[in-house]
Amino acid sequence: MQYDLTIIGSGPGGYVAAIRAAQLGMKTALIEKYDTLGGTCLNVGCIPSKALLDSSEHYHNASEHFAAHGIKVGSLEVDLARMIERKNEVVSQTVGGIDFLMKKNKVDVFHGVGAFKDAHTITVTDKGGDLKELTTKKTIIATGSKPITPAAFNYDKKRVITSTEALEIEKVPKKMVIIGGGVIGLELGSVFARLGTEIVVVEYLDRILPGMDSDCSKELTRSLKKLGMTFHLKHMVTKVTPAKSNVKIEVQKRDSDETFEITADYCLVAIGRRPYTEGLQLENASVSLDEKGRVIVDDHLQTTHPDIFAIGDVIRGAMLAHKAEEEGILVVEYLAGQKPHIDYNLIPGVVYTWPEVASVGKTEDELKEQKVEYKVGKFPYKALGRARASMDIDGMVKILADKTTDEVLGVHIVGARAADMISEAVVAMEYRASAEDIARMSHAHPTYTEAIREAALMATDDRALHI
Ligand code: FAD
Ligand code: NAI
């Protein structure tokens, strides 16, 4: 079995790379250790979490907002087992789609653990222990990441859980403590808070979503508090002790000796993910890792072996599905002799809470740090006709533009449909638009995108039309 390209890992990085390689005429093999393709994203990440976010949002709207719209409903009941079943149906349809795409593109799929025998020989060991050997000219490592679970948190997959187990809970818990106020904590916290669970978030830093613009953190904190979530910022969990039917969480204030205990049904650990390279036997192929366990790559995503590349969560940078996809495409096009490029500054980040948060480019803190002179334009959702019509008035659009040239440097949105709206900002910034360029483009009325135009007008010279 001889291949031009072998890809280890079938997440959004790996399977997209396989499709692009097939398009460019490479004989391609894709190796996946699990039975289904699609990696973290399709099986236990992006897709199932969004399925549950949508279901829980429907319930929340029916119980909290329908009456104001003049819709009377009888008594409502959550059937979490059915929600999970629907989520599983969505996942199986989606991963089935990847099987179809691999067949359509004539990519050879092998299920089993991939490992390097040497730099050009990959072994695949399946569940039954059978071993196959592939010879390959080039290899892409796309093995993704796993949750970080410190020993003191006693991760037992029953009471102390990660996102993977949280996506399978079939009875609405009374109380859940979430360690980490990052993306997973807030998205899955929202799911359960909407269904009636008391959610307590313990975050080490002084704000939630520490990587995003601080105005977004503030806006979202307000909205999530309205949903009933509680936040202990600047606190750390020192120990988690699971019992049969509950779990004890010991918390300490970061700047003092003050401590307290919380007892809950579940403790969700969501403090980040680590690159996953176990079992690859990288030492047989001279592929080196950095101090954080990430595969070291250069600008072409080439590892310390010239015929081996790495992409996605297993290397440096944001752990996002669309970042992994872009990197898969970049490597394959580079191997085909093209000159692809990724502008990492323009990879958007989205948090699928409600309101949603979406961001691209520099945050205000980053511009301050880099001593860039900038202007700010902000526009609140509550001044938007479209937002009032749907009663989704929480949120704002914030545009940061260069003080001299007016070039847009960052766009940060909290609000309904922010996830889809951020694309306008990505397109504008890819073409190096000024705030005035955006302000002079027609935006359909009434839409949420008018808030982008108004924020651009504010950034240009404080001349929003509707405030
Ligand atoms: P993965 O998707 O992790 O795929 C790696 C694959 O490699 C896995 O299937 C694994 O089994 C396989 N593998 C590992 N080692 C071997 C081996 N030795 N042999 C064979 N196979 C192997 N990102 C977003 O952009 N948007 C979102 O909304 C979003 N939501 C998320 C929600 C949750 C709950 C989680 C956990 C993550 C979410 N992410 C989201 C992040 C996203 O899932 C990852 O960034 C993305 O999956 C990374 O893709 P990847 O291809 O690098 O790796
Ligand atoms: P994260 O990096 O987003 O957030 C982790 C949070 O935990 C941070 O706020 C951090 O300050 C805090 N923290 C770290 N150690 C702590 C400790 N000991 N005690 C208390 N707080 C602590 O990581 P998360 O939420 O686990 O997500 C992992 C990755 O998955 C992210 O990098 C994200 O990119 C990706 N993801 C993306 C989604 C999306 O794009 N919508 C959705 C879910 C996950």
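This tour of a predicted model starts at the ligand and then moves on to some aromatic rings.

**Stop one: the ligand.** Select ligand 1 and show the residues around it. There are 39 of them, and those that come nearest are E32, T40, K50, G114 and D313. Colour this shell by class and you will find 17 nonpolar, 17 polar and 5 charged residues.

**Stop two: backbone contacts.** Now display the backbone of A321, where an N or O atom lies 2.9 Å from an oxygen atom of ligand 1. L320 also has a backbone N or O atom by a ligand oxygen, at 3.2 Å, and for C41 the distance is 3.3 Å.

**Stop three: the elements around the ligand.** Switch to a cartoon view. Two or more residues of the shell come from each of α1 (12–23), β2 (28–32), α2 (39–44), α3 (46–64), β4 (113–118) and α8 (321–335). Which element gives the largest share? That is α2, with 4 residues.

**Stop four: aromatic pairs.** The model has 3 aromatic pairs. Pick Y3 and F110: their ring centres are 6.2 Å apart and their planes meet at 85°, so this pair is edge-to-face. Y3 belongs to strand β1 (residues 2–8) and F110 to strand β3 (residues 108–111), so the pair ties together parts 107 residues apart in sequence. Both Y3 and F110 are buried.

**Last stop: charges over rings.** Select R159 and Y266 to see the charged end of R159 over the Y266 ring, 4.9 Å from its centre. Finish with R254, which lies over the face of Y204 at 5.0 Å from the ring centre.

Definitions and conventions
Residues are numbered from 1 along each chain as its sequence is written. Chains are lettered from A and ligands numbered from 1 in the order in which they are written. This is a predicted model: local features need pLDDT of at least 70, side-chain atom pairs count only at pLDDT 80 or more; totals for chains, interfaces and linings use all residues. Side-chain values use heavy atoms; hydrogens and water are left out. Rings of Phe, Tyr and Trp (its six-membered ring) pair if their centres lie within 6.5 Å; planes under 30 degrees apart count as stacked, over 60 as edge-to-face and the rest as tilted. Buried means under 20% relative accessible area, exposed over 50%, partly exposed in between (1.4 Å probe, protein chains only). A charge sits over a ring if NZ of Lys or CZ of Arg is within 6 Å of the ring centre and within 35 degrees of the ring normal. A residue is near a molecule or strand if one of its heavy atoms lies within 4 Å of it. A polar contact is a pair of N or O atoms within 3.5 Å; within protein, one must be able to donate a hydrogen and the other to accept it, and residues adjacent in sequence count only if both atoms are side-chain atoms. Ala, Val, Leu, Ile, Met, Phe, Trp, Tyr, Cys and Pro count as nonpolar, Asp, Glu, Lys and Arg as charged, and the others, Gly among them, as polar.
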